[in-house]
Amino acid sequence: MNRPQNNRAWLGVLPVLLIVAFSAVIPLMTVVNYSVQDIFDVNTRLFVGFDWYRETLRDPRFLDALLRQLGFSALVLAIELPLGILVARAIPREGRWVGLILVLLAIPLLIPWNVVGTIWQLFARPDIGLFGQLVNGLGIEFNYTAEPLHAWVTLIMMDVWHWTSLVALLAFSGLTAIPAACYQAAVMDGAGSWQVFRHVELPRLTAVLVIAVLLRLMDSFMIYTEPFVLTGGGPGNSTTFLSQYLTSMAVGQFDLGPAAAFSVLYFLAVLLLCWLFYTSVIASDGERG
Amino acid sequence: MAEIRLEGLTFRYPNASEATLSELTLAVPRGEAHALLGSSGAGKSTLLNLLSGLLPAPPGSIFFDDVDVGRLEPWARKVTQVFQFPVLYEAMTVLENLCFPMRELAAGEQQRRARDVAERLGIHGVLTAKPAALTLVQKQLAAIGKALMRPDVSLVLLDEPLTAAEPGHKWRLRQTLRALQADLGATMIYVTHDQTEALTFADRVSVLHEGRILQTGTPEALVDAPDHEHVGYFVGSPGMNLIDGEVRNGRALIRTGDGGVLELGALPVADGPCRFGFRPEWAVLSQEPEGLPVQVHATRTLGASRGETHGLVVAEHQGTEIFTRQNLAGVVPGPARVRIEPERLVGFRDGWRVGAGPAGQ
């Protein structure tokens, strides 16, 4: 290890460090700063250590929101992932319609999130909404503003409508990369449709599906706009997720200390989830050799 | 294993104006290693897909042991295929890959067969590994093994299986494949554009050109007596030299530049215009005045042994390129004569060797 040391090289990374500092570290440290102090005004502050964290972790509303959040993410992933793969498998691989299908699929992804919320808010209304009226017509008294279950069903449907395309497009891109010979070989081996999926497609889709799960996991865990527009967190608190509770705390009640502690915990939770998922995938990848 | 017969197989893709394959007739006996040789666009892939069943064939055109398989699915035809690059199930071990085509057998029998073939192919050491951990050659060996696993396999198709292998490995792979083919008595059809692969692998070779089989024969027959100019030209490196002339009283004659007539040799065919073919191996530069007058342009060294340099002489006779393959000692650019082994001369009319041709096939 006799490499020449040249400390001036650090100057080269300085611009990057500055950008990262301004974009990530400094704002984050501000939050950390608030989370360990009780700040009344510029001159009056009190160091409280981990009190805000303890308080947040004992807050039943926080724990409820966290549970709802985990349930929501698990549900949408459980639906969007298989559904997206199913849709991707149904898209023809070539031909004149492929382009059109892909564009149509991408439309939900191009709609601003608050518009998505508004669309579904109208669509699911029991009085004038197409979907709400249809369900009522089937003899079910549907009202997502009054029934927690109905609110959840509507929310999940909205998210599935909004994001399944992303999984489908990712899976489709993965499928198109599979050489035709792999399918031909499977046909000659007498493999059925399920075996083709299980042995030919799925192993070659792993990489894109990891990305899809990661994106959907992070995004659904941080969902804010659509439920805010659709249900406003109600009825009661039944659709209040972490981000919404946090916002009401920080902006509504101006509890900056607890909100800061909450933010840090929230950030760590997302980080932890992604890390857990990623390392488990890497581990199983290594196992597969 | 089965005998494979094509009977007047003609195939046209929907919406295509011309037939991709026309009137193919071929019989491949049980246990033969057969090669289909053709340049790209000759119809090799189409024929391959018709044989495997990926494309349905017209009724009455493809028979496996007298069974018309034209409409049968690949699995029912019991056809397996090795592709240009290794095609394996990535999430399975090599052993699981080998066992997959025989999943109808008892587990013990599967294992026994798989280990036996793996041993012959020299991949028994990697049976528990996933394909991702293998080298390219090992992967292709595993794919070859997989194609040979079905106990009742009727035909093994090989689609340029050595394309992905490095040149140094190709020879060994081909030998392994050939030995295994002989051991198992497998009927194999090896599709390639590479004449070296075709001629060194196969018992017999069919030359496919523009959707037709021009000739089916042993490698020696393709070299010594090509039925068609294209076979003469396509097989051989470089291919057959061709010059236009005329047959009179059983003598092959060409006109020389100064209005004279030169006899190349005897050719016992009817009188008339004729194109004469001779391979570069059958010709040598000489000082004798009765040879074919040429202008030597250059030499290409191909190798050396016992202190002699061998190679190609690139020459020209009245605008036609002429190659000879010989000892290059003393060869210099300039005017020279080429002596052709007279008894090896081949005559072509309308593309076909005189006496061969579609009628004679």
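Analyst: In this predicted model, the charged end of B:Arg178 is placed over the ring of B:Phe201, 5.9 Å from the ring centre. A charge counts as sitting over a ring when NZ of Lys or CZ of Arg is within 6 Å of the ring centre and within 35 degrees of the ring normal. B:Trp75 likewise has the charged end of B:Arg103 over its ring, at 5.2 Å from the centre.

Over all chains, the whole structure holds 18 aromatic pairs; rings of Phe, Tyr and Trp (its six-membered ring) pair if their centres lie within 6.5 Å, with planes under 30 degrees apart counted as stacked, over 60 as edge-to-face and the rest as tilted. One of them joins A:Phe62 and A:Phe262 edge-to-face, 4.8 Å centre to centre with 90° between the planes. Because A:Phe62 belongs to helix α3 (residues 60-90) of chain A and A:Phe262 to helix α12 (residues 256-288) of chain A, this pair ties together parts 200 residues apart in sequence; helices are DSSP runs (H or I, at least four residues), numbered from the N terminus. A:Phe62 is buried at 5% relative accessible area, and A:Phe262 is buried at 0%. Buried means under 20%, exposed over 50% and partly exposed in between (1.4 Å probe, protein chains only).

In chain B, the ring centres of B:Phe11 and B:Tyr13 are 5.0 Å apart and their planes lie at 85°, so this pair is edge-to-face. B:Phe11 is buried at 9%, whereas B:Tyr13 is partly exposed at 30%.

Returning to chain A, ring pairs link A:Phe62 and A:Phe262 with A:Phe221, A:Tyr245 and A:Tyr266 in a cluster.

Residues are numbered from 1 along each chain as its sequence is written, while chains are lettered from A and ligands numbered from 1 in the order in which they are written. Local features need pLDDT of at least 70, side-chain atom pairs count only at pLDDT 80 or more, and totals for chains, interfaces and linings use all residues, with side-chain values using heavy atoms and leaving out hydrogens and water.

Notes
Helix = DSSP H or I, 4+ residues; strand = E, 2+ residues; numbered from the N terminus.
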